Amino acid sequence: MYKIAAFIEFDKKITKKILNQKKIVKKKFGNQIYLNHPVHLTLFTLNIKNVDKLKKIYINKKKIQSKPFTINVTRPGIFYDDPLTGGHTIFHHIKKNDRLNKIQLRHLIKINKNLNIVKKNMNLFKNNILKNNYTKYGFPFVGKIWIPHITIASIRNVTNNNKYIKYFLSTKINLKCFVAKIKFYKIEKDRHDFLFSIKDF
(Lines give C-alpha, C1' and ligand atoms only; values in the text may rest on other atoms or scores of the structure.)
Protein backbone atom coordinates (compact mmCIF):
# COMPACT_ATOMS: atom_id res chain seq x y z
CA MET A 1 0.00 0.00 0.00
CA TYR A 2 1.19 3.50 -0.82
CA LYS A 3 0.18 6.87 0.57
CA ILE A 4 -0.08 9.47 -2.17
CA ALA A 5 -0.93 13.16 -1.99
CA ALA A 6 -1.97 15.93 -4.35
CA PHE A 7 -0.27 19.22 -3.51
CA ILE A 8 -0.46 22.82 -4.61
CA GLU A 9 2.86 24.59 -4.10
CA PHE A 10 3.62 28.30 -3.93
CA ASP A 11 5.88 30.99 -5.37
CA LYS A 12 9.27 31.88 -3.90
CA LYS A 13 7.97 34.75 -1.75
CA ILE A 14 5.36 32.68 0.08
CA THR A 15 7.62 29.64 0.33
CA LYS A 16 10.41 31.71 1.85
CA LYS A 17 8.09 33.22 4.44
CA ILE A 18 6.76 29.82 5.53
CA LEU A 19 10.28 28.33 5.66
CA ASN A 20 11.38 31.22 7.89
CA GLN A 21 8.50 30.47 10.24
CA LYS A 22 9.51 26.82 10.30
CA LYS A 23 13.07 27.85 11.24
CA ILE A 24 11.77 29.93 14.17
CA VAL A 25 9.71 26.99 15.46
CA LYS A 26 12.71 24.65 15.20
CA LYS A 27 14.93 27.12 17.07
CA LYS A 28 12.39 27.55 19.86
CA PHE A 29 11.00 24.02 20.18
CA GLY A 30 13.42 21.67 18.41
CA ASN A 31 12.30 19.09 15.86
CA GLN A 32 8.53 18.90 15.56
CA ILE A 33 6.07 17.03 13.36
CA TYR A 34 5.63 18.53 9.85
CA LEU A 35 8.65 20.84 10.20
CA ASN A 36 10.54 18.96 7.48
CA HIS A 37 7.60 18.75 5.11
CA PRO A 38 7.69 20.90 1.94
CA VAL A 39 5.62 24.08 1.84
CA HIS A 40 2.30 23.13 0.28
CA LEU A 41 -1.48 23.02 0.35
CA THR A 42 -2.81 19.46 0.52
CA LEU A 43 -5.76 18.84 -1.79
CA PHE A 44 -6.05 15.26 -0.52
CA THR A 45 -4.15 12.18 0.56
CA LEU A 46 -5.15 8.64 -0.41
CA ASN A 47 -3.98 5.11 0.25
CA ILE A 48 -3.61 3.15 -2.97
CA LYS A 49 -2.19 -0.24 -3.96
CA ASN A 50 -0.55 0.66 -7.25
CA VAL A 51 1.26 3.91 -8.09
CA ASP A 52 1.71 2.93 -11.74
CA LYS A 53 -2.06 2.74 -12.20
CA LEU A 54 -2.37 6.23 -10.74
CA LYS A 55 0.17 7.52 -13.27
CA LYS A 56 -1.75 5.90 -16.13
CA ILE A 57 -4.84 7.90 -15.22
CA TYR A 58 -2.98 11.14 -15.87
CA ILE A 59 0.17 10.60 -17.89
CA ASN A 60 0.11 10.20 -21.68
CA LYS A 61 -3.45 11.45 -21.85
CA LYS A 62 -4.54 14.33 -24.06
CA LYS A 63 -2.63 17.37 -22.87
CA ILE A 64 -5.05 19.97 -21.60
CA GLN A 65 -3.73 23.01 -19.79
CA SER A 66 -6.05 24.86 -17.47
CA LYS A 67 -5.84 28.61 -17.01
CA PRO A 68 -3.79 29.48 -13.88
CA PHE A 69 -5.79 30.88 -10.99
CA THR A 70 -4.99 33.00 -7.94
CA ILE A 71 -4.64 31.59 -4.45
CA ASN A 72 -4.60 33.74 -1.29
CA VAL A 73 -2.63 32.97 1.88
CA THR A 74 -4.27 34.70 4.84
CA ARG A 75 -4.61 34.69 8.63
CA PRO A 76 -2.83 32.28 10.98
CA GLY A 77 -4.74 29.46 12.65
CA ILE A 78 -4.24 26.54 14.99
CA PHE A 79 -5.67 23.05 15.41
CA TYR A 80 -5.49 22.65 19.18
CA ASP A 81 -4.76 19.12 20.40
CA ASP A 82 -4.55 17.76 16.86
CA PRO A 83 -5.62 14.08 17.16
CA LEU A 84 -3.24 13.10 14.36
CA THR A 85 -0.14 14.47 16.12
CA GLY A 86 -0.91 15.03 19.79
CA GLY A 87 0.31 18.61 19.41
CA HIS A 88 -0.96 22.06 18.50
CA THR A 89 -0.76 22.36 14.71
CA ILE A 90 -0.11 25.92 13.54
CA PHE A 91 -0.89 26.97 9.98
CA HIS A 92 -1.96 29.74 7.63
CA HIS A 93 -5.42 29.69 6.08
CA ILE A 94 -5.87 29.55 2.34
CA LYS A 95 -8.86 31.61 1.26
CA LYS A 96 -11.45 29.09 0.20
CA ASN A 97 -13.21 29.41 -3.13
CA ASP A 98 -15.36 27.39 -5.49
CA ARG A 99 -12.43 26.70 -7.81
CA LEU A 100 -10.47 24.91 -5.09
CA ASN A 101 -13.53 22.90 -4.04
CA LYS A 102 -14.23 21.82 -7.61
CA ILE A 103 -10.60 20.87 -8.26
CA GLN A 104 -10.43 18.73 -5.13
CA LEU A 105 -13.74 16.97 -5.81
CA ARG A 106 -13.05 16.42 -9.51
CA HIS A 107 -9.80 14.56 -8.89
CA LEU A 108 -11.12 12.55 -5.96
CA ILE A 109 -13.99 11.34 -8.13
CA LYS A 110 -11.63 10.63 -11.03
CA ILE A 111 -9.19 8.57 -8.95
CA ASN A 112 -11.91 6.67 -7.09
CA LYS A 113 -13.54 5.80 -10.42
CA ASN A 114 -10.32 4.29 -11.77
CA LEU A 115 -8.60 2.86 -8.68
CA ASN A 116 -9.51 0.80 -5.64
CA ILE A 117 -8.79 3.14 -2.73
CA VAL A 118 -7.67 1.46 0.49
CA LYS A 119 -9.97 2.58 3.29
CA LYS A 120 -8.97 1.60 6.81
CA ASN A 121 -9.81 2.62 10.37
CA MET A 122 -13.38 3.45 9.37
CA ASN A 123 -14.36 3.92 13.01
CA LEU A 124 -11.72 6.62 13.52
CA PHE A 125 -14.17 9.36 12.54
CA LYS A 126 -16.95 10.15 14.99
CA ASN A 127 -18.18 13.07 12.91
CA ASN A 128 -20.70 11.74 10.35
CA ILE A 129 -19.55 14.14 7.61
CA LEU A 130 -15.93 13.02 7.97
CA LYS A 131 -16.96 9.38 8.07
CA ASN A 132 -19.19 9.67 5.00
CA ASN A 133 -16.51 11.52 3.05
CA TYR A 134 -13.91 8.92 3.94
CA THR A 135 -16.26 6.10 2.95
CA LYS A 136 -17.05 7.77 -0.37
CA TYR A 137 -13.67 9.22 -1.36
CA GLY A 138 -10.99 7.77 0.92
CA PHE A 139 -10.31 11.28 2.30
CA PRO A 140 -12.39 12.83 5.09
CA PHE A 141 -11.92 16.55 4.48
CA VAL A 142 -14.02 17.25 1.41
CA GLY A 143 -16.41 20.10 0.71
CA LYS A 144 -17.52 22.54 3.40
CA ILE A 145 -15.65 20.75 6.18
CA TRP A 146 -12.31 21.15 4.38
CA ILE A 147 -10.05 23.93 5.75
CA PRO A 148 -7.40 24.67 3.09
CA HIS A 149 -4.14 25.65 4.79
CA ILE A 150 -0.34 25.67 4.80
CA THR A 151 1.03 23.84 7.84
CA ILE A 152 4.03 25.25 9.69
CA ALA A 153 4.42 22.52 12.33
CA SER A 154 2.62 20.58 15.03
CA ILE A 155 4.16 21.65 18.34
CA ARG A 156 3.98 19.22 21.24
CA ASN A 157 4.22 19.86 24.96
CA VAL A 158 3.19 23.52 24.89
CA THR A 159 0.26 25.24 26.57
CA ASN A 160 -2.41 27.24 24.80
CA ASN A 161 -1.00 30.36 26.49
CA ASN A 162 2.54 29.84 25.23
CA LYS A 163 4.07 33.20 24.24
CA TYR A 164 5.06 32.06 20.77
CA ILE A 165 1.60 30.59 20.09
CA LYS A 166 0.02 33.89 21.09
CA TYR A 167 2.49 35.83 18.95
CA PHE A 168 1.94 33.59 15.93
CA LEU A 169 -1.83 33.92 16.14
CA SER A 170 -1.49 37.71 16.27
CA THR A 171 0.58 37.98 13.09
CA LYS A 172 -0.93 39.16 9.84
CA ILE A 173 -0.31 37.84 6.36
CA ASN A 174 -2.03 38.52 3.07
CA LEU A 175 -0.12 37.13 0.10
CA LYS A 176 -1.25 35.72 -3.22
CA CYS A 177 0.25 33.80 -6.10
CA PHE A 178 -0.79 32.04 -9.30
CA VAL A 179 -1.32 28.28 -9.39
CA ALA A 180 -0.39 26.60 -12.66
CA LYS A 181 -0.12 22.93 -11.71
CA ILE A 182 -0.93 20.19 -9.20
CA LYS A 183 1.88 17.94 -8.03
CA PHE A 184 1.50 14.32 -6.91
CA TYR A 185 3.82 12.81 -4.32
CA LYS A 186 4.35 9.43 -2.70
CA ILE A 187 4.74 9.85 1.06
CA GLU A 188 6.49 7.66 3.60
CA LYS A 189 6.77 9.28 7.04
CA ASP A 190 8.66 12.57 6.43
CA ARG A 191 9.86 11.56 2.99
CA HIS A 192 8.10 13.04 -0.05
CA ASP A 193 8.95 11.52 -3.43
CA PHE A 194 7.74 13.51 -6.43
CA LEU A 195 5.71 11.41 -8.91
CA PHE A 196 4.36 13.76 -11.57
CA SER A 197 2.57 17.04 -12.10
CA ILE A 198 -0.50 18.03 -14.11
CA LYS A 199 -1.73 21.30 -15.57
CA ASP A 200 -5.26 20.12 -16.18
CA PHE A 201 -7.27 21.10 -13.11
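Leucine 54 touches Ile4, Ile48, Ile111, Leu115, Phe184, Leu195 and Phe196, with residues up to four places away in sequence left out of the list; contact here means heavy atoms within 4.5 Å. The model is predicted, so local features need pLDDT of at least 70 and side-chain atom pairs count only at pLDDT 80 or more, while totals for chains, interfaces and linings use all residues. Residues are numbered from 1 along each chain as its sequence is written, and side-chain values use heavy atoms, with hydrogens and water left out.

The largest nonpolar core has 52 residues, and Phe10, Phe44, Leu54 and Phe184 touch the most other members. Such a core is a set of buried Ala, Val, Leu, Ile, Met, Phe, Trp, Tyr and Cys residues joined through side-chain atoms within 4.5 Å. Buried means under 20% relative accessible area, exposed means over 50%, and partly exposed lies in between (1.4 Å probe, protein chains only). Strand 2 supplies the largest share of this core, five residues. Helices (H or I, at least four residues) and strands (E, at least two) are DSSP runs, numbered from the N terminus.

Isoleucine 4, one of the contacts of leucine 54, is found in strand 1. Its relative accessibility is 0%, so isoleucine 4 counts as buried. Beyond its neighbours within four places in sequence, isoleucine 4 is in contact with Phe44, Thr45, Leu46, Ile48, Val51, Leu54, Phe184, Tyr185, Lys186 and Leu195. From isoleucine 4 to valine 51 the distance is 8.2 Å, C-alpha to C-alpha, although the two are 47 residues apart in sequence.

The aromatic residues give a second view of the fold. A pair of aromatic rings is described by the distance of the centres and the angle of the planes. Rings of Phe, Tyr and Trp (its six-membered ring) pair if their centres lie within 6.5 Å; planes under 30 degrees apart count as stacked, over 60 as edge-to-face and the rest as tilted. A search of the whole structure finds twelve aromatic pairs. In one of them, the rings of phenylalanine 7 and tyrosine 185 have centres 5.2 Å apart and planes at 35°, so this pair is tilted. The pair links distant parts of the chain, since phenylalanine 7 is in strand 1 and tyrosine 185 in strand 7 (residues 182-188), 178 residues apart. Phenylalanine 7 counts as buried because its relative accessibility is 1%, and tyrosine 185 counts as buried at 10%.

Phenylalanine 44 and phenylalanine 184 form an edge-to-face pair, 6.3 Å centre to centre with 65° between the planes. Phenylalanine 44 lies in strand 2 and phenylalanine 184 in strand 7, so the pair ties together parts that are 140 residues apart in sequence. Both residues are buried. Elsewhere, Phe29, Tyr164, Tyr167 and Phe168 form one aromatic cluster.

The next topic is empty space. Rolling a probe the size of a water molecule over the atoms shows where empty space is left. On a 1 Å grid over the protein atoms alone, a pocket is an open set of points where a 1.4 Å probe fits, with protein on both sides within 12 Å along at least five of seven lines; lining residues have an atom within 4 Å of a point. About 1500 Å³ of space lies in the largest pocket. Its lining has 41 residues, of which Tyr34, Thr45, Leu84, Phe139 and Phe141 lie nearest the centre. Strand 1 (2-8), strand 2, helix 4 (128-137) and strand 5 are the elements that each give two or more residues to this lining. Strand 2 gives the most, with four residues.

Tyrosine 34 lies in the loop between helix 1 (12-29) and strand 2 (41-48). Its relative accessible area is 22%, so tyrosine 34 is partly exposed. The phi of tyrosine 34 is near 80°, a positive value in a residue other than glycine. Asparagine 157 likewise has a positive phi, near 60°, and is found in the loop between strand 5 (149-155) and helix 5 (163-170). With a relative accessible area of 81%, asparagine 157 is exposed.

Key. Points joined across faces, edges and corners; volume = space filled by probe spheres on them.
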